[in-house]
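Me: I would like to go through this structure term by term. Please tie each label to the value behind it.

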Amino acid sequence: MGVSLVADQPKAAEHRWGMAIDLDRCTGCEACVVACHAENNLPVIEPAEAARGRTVHWIRVDRYYEGEFPDVKVKYMPVLCQHCDDAPCEPVCPVYATYHNPEGLNVQVYNRCVGTRYCANNCPYSVRFFNFFEPHWDSPLELQHNPDVAVRMVGVMEKCTFCVQRVQRGKRDAKEAGQPVADGAIQPACVQSCPAEAMVFGDLSDPESKVSRLAESGRATRLLEDLGVKPKVFYLQKAK
Amino acid sequence: MKSNMATTVHTLPHDRLQEDVWRPLRETSTRYVITVLLVGAVALWGLFCWGYQIHKGIGVVGKNRPSMWAFYILNFVFWIGISHAGTLISAILRLTHAGWRKPVTRAAEAITVFCLMIGGLFPIIHLGRPWIFYYLIPYPNQRVLWPNFRSPLVWDLTAILTYLTGSVLFLYLPMIPDLAQLALHTTGWRRFLYRTLALGWTGSDREWHALERAMKLMAGLILAVAVSVHTVVAWDFAMAIAPLWHSTIFGPYFVVGAIFSGIAALLLIMAVIRKFMNLEAYLEPRHFENLSRLLFLMCLLWLYFTVSENLTAWYGNQPHEMQVFGTRVRGQYAPWFWLMVVCNFIVPFVLLGIRRLRNITTISISSVCVLIGMWLERFLIVFPTLAHPPLAAAWTTGYNPTWVEISIAVSTFAAMALLYLIFSKLFPIIAVWEYRYVPDE
């Protein structure tokens, strides 16, 4: 073809991003959900559409109830894209709109997406979202759009990116300062906003990073582990 | 019907046969014109709905999260299934030298071509951004990107385009001698059309041998393509790790289902053209009888596959699969499931299995039931699974189709009728030359 798009890319990635979420700390306040909306220009879905199951929350808080009323215990579980190493959404996309980037992020290329929605069918965590209509914000919400994040058009899939714009910014800042990326310097919006500090983001390729140590702590499990899709989000809870 | 039984086609002179088959090409009744206008209007309404959907966004249909695939995919599988009526059955009959195939083959092959044209549209209608559907087609492009050959959807596109090409050839090749004859007997634009399409056929020995060789080759190839096409359609589901989709049985299960619904569609269309084109002398009860035996066989095979699929899922008792299985067999979707069993098994088994009950009317009733049942089967494959993904928090209770997708689904039936009506006005629906070339096998 004459043009090489591959040559510029790094041979082996320096980082492998992952996240740990402490379920014993999560209070279910949904600050992460709101922060994600603001950071990533998520469309505002009208109540009637939301009732039809068309909400777009790249991170959601699932609730599970234990026991019988009035003796009920509620468990909260924030669920976002698990950025699986063997992501089932990737091979089924006919146009490479969803692919694995060298740093292990499962990324969505909006311009390529034709909207087959196969990826959403094949995602066991149901964390892929579709733009059924042209996105909409009630005025003046459109004035607070984050300029670092593209607004998605009608007919394409979207999903959590681990705030890839913040990851890129963090790497650039570190490069300009001539230093490696410090552990904890990069925080996705959900991590930054969590008042209970239940979420930790970091580099899994660095064994000394906080997220790596938490993942190895013995309290970590992965969601739907038996499917073998190798998620990079670790849920921490007291071992029973 | 009895009066026609006396004059079977073998006692008829060839000229009479040619006359009977060519008559619809010359004479156009008011009834025909009204039907064409009617189905044409419905088909246009479907096109309008599609335009509306593109203009507003795919949200005008009932899709939601997690039910991202719905009506359009269901209808896609249904139409591709029916397309197996034609080419596959015609190829089997040709390869086994079944002498009774002669009046059946062309009607069947035409079904395949039109069903594929309609079925092939559905995945495009289904897309979020249908105007760039060509991103799936492998060709050197400015995006410097090939499609993802690991995706079952790319296999699907390849398979269906191959099948469509093969089916058009399979329909066209044995039509050439008829077209040459027609060119000699017509004037005006028809003569121009037939002469162009006849490709200068003169009827020499060499040409007949070439045609025979080509048809043998095509019959063999198209069989392989037909089986693989529906296997690939099944793999669109089976390659996904969704509960009750990820199953090795899906390939053959879909092929059997496709042939099952295909024969039903063929029998139904045969019954219709027999009545409305006055072809009672050619489409005899024995043709219906023979094809209905095939339908009966596929009915039993369908039962076998359905039991295999559900018994293994139930016995395995895996939580994610049992959730879907439960809603299907005894929950929300149970009425549809058991209606499917009645339509696909009980009705055809009784009506076709008991000889006293078997005639063209009961065969037509069975065929309608099978078509409804097979549509329901695809419904039961697509909907319950998607509504129950592995994480219970994401479950939804149901799916409500909107007027847009219902209109489009209905209009495709009208489009099928329209294409068939136009075809039957332009080309002889029975291969006349086959009676002359091999008088009696």
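Reply: This is a predicted model. Of the 240 residues of chain A, 42% count as buried.

Me: What makes a residue of chain A count as buried?
Reply: The cut-off is 20 or more other C-beta atoms within 10 Å of its own. In chain A, 42% of the 240 residues count as buried, so that share reaches the cut-off.

Me: How do you know what radius of gyration a compact globule with 240 residues would have, and what does chain A have?
Reply: The rule is 2.2 Å times the number of residues to the power 0.38. For 240 residues that puts a compact globule near 18 Å, and chain A, at 18 Å, agrees. Its C-alpha atoms fill a box of roughly 70 × 45 × 35 Å along the principal axes.

Me: What makes residues of chain A and chain B count as in contact, and how many are there?
Reply: Their C-beta atoms must lie within 7 Å. On that basis 36 residues of chain A are in contact with 37 residues of chain B. The side of chain A that touches chain B divides into 23 nonpolar, seven polar and six charged residues.

Me: Which residues of α12(B) and α14(B) meet?
Reply: In α12(B), they include F296(B) and W302(B), which meet residues of α14(B), among them F345(B) and F349(B). The contact residues divide into nine nonpolar, three polar and no charged. The two helices pack at about 145 degrees, with axes 10 Å apart, and their crossing is left-handed.

Technical notes:
Residues numbered from 1 in each chain as written. Chains lettered and ligands numbered in written order. Predicted model: local features only at pLDDT ≥ 70, side-chain atom pairs only at ≥ 80, totals over all residues. Axes fitted to C-alpha atoms, helices over the stretch in contact; angles between N-to-C directions. Helix = DSSP H or I, 4+ residues; strand = E, 2+ residues; numbered from the N terminus. Left-handed = near helix turned anticlockwise from the far one by under 90°. Contact = placed C-beta atoms within 7 Å. Nonpolar A, V, L, I, M, F, W, Y, C, P; charged D, E, K, R; others polar. Buried ≥ 20, exposed ≤ 12 C-beta atoms within 10 Å, placed from the backbone.
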